[in-house]
Amino acid sequence: MTALSRDVEIALAAVGAGAATVRAAYGRALSIHAKSGIDFATNADIEAERAILDVITAALPDDAVEGEETGRSGGTATSRRWLIDPLCGTLNFAAQTPLVAVNVALVDGSRTVAAAVAEPIAGEVFWTDGEQAMVRAAGGADVAISPSPGSRLVDVNCDGPLDRPFLGAQVIDAAFRAAFGPRVMSTTLAVAWVAAGRRAGYISDGHFVDNVHFAAGIELCRAAGCIVTDLSGAEVGMGRGLVIAADAPTHHELLSIVAPHVEATT
């Protein structure tokens, strides 16, 4: 493995600080801050974001940052932006369901140059420098990861808006169930699992350019060699949604299954 760049080291330190904060708060009483509908943030979200920001701003004060909870701030650099999701899966976390992620990505212009996704309860960190894709276990060793269609498991994001068309649970039809094992995973940890070969694919509606929830996971999947497109098979951001697949045949199958549902919700 080549020596890590300073950007990657900072991404790993930042995501590690956020993960440690989340892990320390898991199972404890939480303060709830309502957003909309059933969505909310907790004190763990806010404290984890603060821990991440402290690492980044101390090391790279000129870089801009955008956090899910605190929005955009800091930095005079015109091209470098950190995208931060301090606790992806807040509702899971509050219900003591240990399926959550902490996401950090550095975008320089249009290119993601460092990204890390931490699973704070298990202690794993998935990371990339834009070329290699790795997982760091709790013991600290880095191991290369690669996608695999072998599990035939595909996660579908069913957590979407109510005020406009959204492709979610309806995609899990007979054709889907005949080809794949559907799973519903309300955290972007599932995206990292595609890169690591633990899932064959991932599907979500929505918009994904500069998305604090997905930027790190998408870059991890690209570096690992996954196929990453929108719901129509075009480049992410050209149209709606996200399809990530372990390989080209899986991607083709998923697009075929998704196509009539996309048309029905357009």
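**Exercise 1.** How many disulfides does the count come to in this predicted model?

*Solution.* Step 1: take the cut-off, which is a pair of cysteine sulfur atoms within 2.5 Å. Step 2: apply it; the count comes to 0 disulfides. Step 3: check C88, which is in no disulfide, the nearest cysteine sulfur being that of C221, 13 Å away. Step 4: check C158; its sulfur lies 14 Å from the closest cysteine sulfur, in C88, and that is too far for a bond.

**Exercise 2.** Decide whether C88 and C158 are buried, partly exposed or exposed.

*Solution.* Step 1: buried means under 20% relative accessible area, and exposed means over 50%. Step 2: C88 has 9% relative accessibility, so C88 counts as buried. Step 3: C158 has 32%, so C158 counts as partly exposed.

**Exercise 3.** Work out why helix α6 (residues 215–224) is described as largely enclosed by the rest of the structure.

*Solution.* Step 1: list the buried residues of α6, which are A215, A216, G217, I218, E219, L220, C221, A223 and A224. Step 2: these are 9 of the 10 residues, so α6 is largely enclosed. Step 3: look past the helix; G225 follows α6 and has a positive phi, near 105°.

**Exercise 4.** Compare the span of helix α7 (residues 248–264) with expectation, then locate its kink and its packing partners.

*Solution.* Step 1: at 1.5 Å a residue, the 17 residues should span 24 Å. Step 2: the end C-alpha atoms are 25 Å apart, which agrees. Step 3: a kink of about 35° lies at V258, shortly before the proline P260. Step 4: V258 is one of the buried residues of α7, which also include H251, L254 and H261. Step 5: the buried residues of α7 pack against β11, α4, β13, β14 and β15.

Note on methods: Residues numbered from 1 in each chain as written. Predicted model: local features only at pLDDT ≥ 70, side-chain atom pairs only at ≥ 80, totals over all residues. Heavy atoms only, no water. Buried < 20%, exposed > 50% of the residue type's maximum accessible area, 1.4 Å probe, protein only. Helix = DSSP H or I, 4+ residues; strand = E, 2+ residues; numbered from the N terminus. Expected span 1.5 Å × (residues − 1). Bend = angle between axes of the 7 residues up to and from the residue. Contact = heavy atoms within 4.5 Å.
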